[in-house]
Amino acid sequence: MDDRGFTVERVVADALATWDGMRRRSGRRAGDERFREWFFEVVPAARLGDDRDTHAVLSFEVAVELFDRGRVHDAFAVLRWLGRHFAAAPDVGTRVRAVMALTDTCAERATDREARDLAIGVLRDVVGSVHAPVDVPVQDALCRALSTAARLSGEGVVLDRATTRRLVSLWRGLADRCRGSADPRLRDWRAHALGNEALLWLQVGREDRARRAFAAITAEFGADPPAPGSGMPGSDVPGSDVHRWVTRARYAPTVLDRFDVGEAVLRLDYLRRQRYWDRRLRFRGLGLAHWLLAGAPRNRLRLLARRARERHRASVGQVRAWLCAGEPFVLLLRNFDLTERSGVADRSRLGAEDEPDHVRVITMTAGAAALAELAAGVPLVLVASTTAGELEVVPDPGGFTAPVRLYLPDETWFDTVSTLAGVAGQVVVWAAGLSAGLARELDALTALRRTDDTLVVLEHPVAPSPVLPGTPGEPLTADHPALAPFPHVVPAEELRGRRVPECPPLVRVLDRLDAVRQEPVERRLARLTGRQTG
């Protein structure tokens, strides 16, 4: 690089041209190492002297330019070198600013699975390169980086044993960095780590370990004064994170005692008949040839049932974690036939005796896509259809699915729904007909005084199936007496073809969730446990 026309853009362009040249001459691995030495050792010594802040700014600009050019791996490599270089800087201010900026950049650029894995690796590498003892401000910045790595590691993953062990290791590593510290900021981070480990154990169904973790928080921090302390970056309300987690830990036993859901109950009539007819038709006439030409499809009753039960257990754990954290969530209530109806047909309504009698009717609706986006973007739970053809494990063609869903038995579904209706931050009712079950749910919402917290989305009535027993129920319209107590009723057509931010009724749901989230956690949990009791 020369000094003519010294601008950030010129320096960045020259640096990348130099790097590419080194790779051409020496190969990728050797070229990368030569560039690292040149850019992080030679250049600052020769051109910048003691101006470490300028060097840090230029380093980040190089990474940003690489991201803009689509060279994601190279960008994260620069961030890794930057983090290691500046985390060892002699002055505390430079170290803190570099680690904080690095953390923000990694979090911002972790936009897909590959980038997320790279970002996690950079953050863990930088934290691991700094050894104790370090000044409290530096330790604070490193804890923030490690917490971000743990958060990114838990996004969009299945919590199997290996993933759970990895996340527990991250949270315990963060807690260990702050063990024994009297500094309020580091005590905040230790409580934050122990609390997140407790919530993680709930999500994987290990209530025993979650209770022990909550008890450890109370034992270690319970004597701390409740006055607001330093707080943490990104905290939901001002004040000490220690106080927030002690509050959660003290309420947790009550919450867990009052909300428990048993195992999933599945009604497999459709899948059993499908298996029967698959086997019967496969070995009759040309059935085997047709089956082979179709790719040899197999009935997946056992696989679908196992996945539905796994999803139910994970969903129960997720809801219990939300409750213990005081995290506001949405409860979605609906007519099941808005997505599909599956079952065994009335034989008298079918044609030939050898015609299969398992029937699945898919419904296309106006609100499905927007509500599926809502379910994927915010904490939301719904009651799954235990009779759905594929048990809602495979998303239906209509576009609706929700990751957190409960497969409840007929005997206790209403008790569970009533409890959730009382503690949910917001409720969405998605309906076309007034079935007996929905009528009970609307009455419960009215009795619980949750009508102002409920959005009713009305679809066009669903036509009854000509072969399946039962009817969709009485058509539900905005002027129906059952909806008189509910002030927020909208036609589903207002959601058709729109994203959530383009739907004012759904934006209102999000705004009200945020308003609840801004309340002190103690107030949220007191109200929640009061509603559980009521």
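Analyst: Contact means heavy atoms within 4.5 Å. This is a predicted model, where local features need pLDDT of at least 70, side-chain atom pairs count only at pLDDT 80 or more, and totals for chains, interfaces and linings use all residues. Residues are numbered from 1 along each chain as its sequence is written, and side-chain values use heavy atoms, with hydrogens and water left out.

User: Which residues does Phe214 touch, not counting residues up to four places away in sequence?

Analyst: Phe214 contacts Ala198, Leu199, Leu202, Ala249, Ala252 and Cys324, with residues up to four places away in sequence not counted.

User: Is Phe214 buried or exposed?

Analyst: Buried means under 20% relative accessible area, exposed over 50%, and partly exposed in between (1.4 Å probe, protein chains only). Phe214 has 2% relative accessibility, so Phe214 counts as buried. Arg449, at 76%, counts as exposed.

User: How are two packed helices described?

Analyst: Two packed helices are described by the angle between their axes and the distance between the axes. Axes are lines fitted to C-alpha atoms, for helices over the stretch in contact, and angles run from 0 to 180 degrees between N-to-C directions. Helices are DSSP runs (H or I, at least four residues), numbered from the N terminus. Here α7 (residues 136–153) and α8 (residues 161–177) pack at about 170 degrees, with axes 9 Å apart. Therefore α7 is roughly antiparallel to α8; angles over 145 degrees count as such.

User: Which residues of α7 and α8 meet?

Analyst: Among them are Leu142, Cys143 and Leu146 in α7, and Leu167, Leu170 and Trp171 in α8.

Definitions and conventions. Helix = DSSP H or I, 4+ residues; strand = E, 2+ residues; numbered from the N terminus. Parallel < 35°, antiparallel > 145°, perpendicular 65-115°, else oblique.
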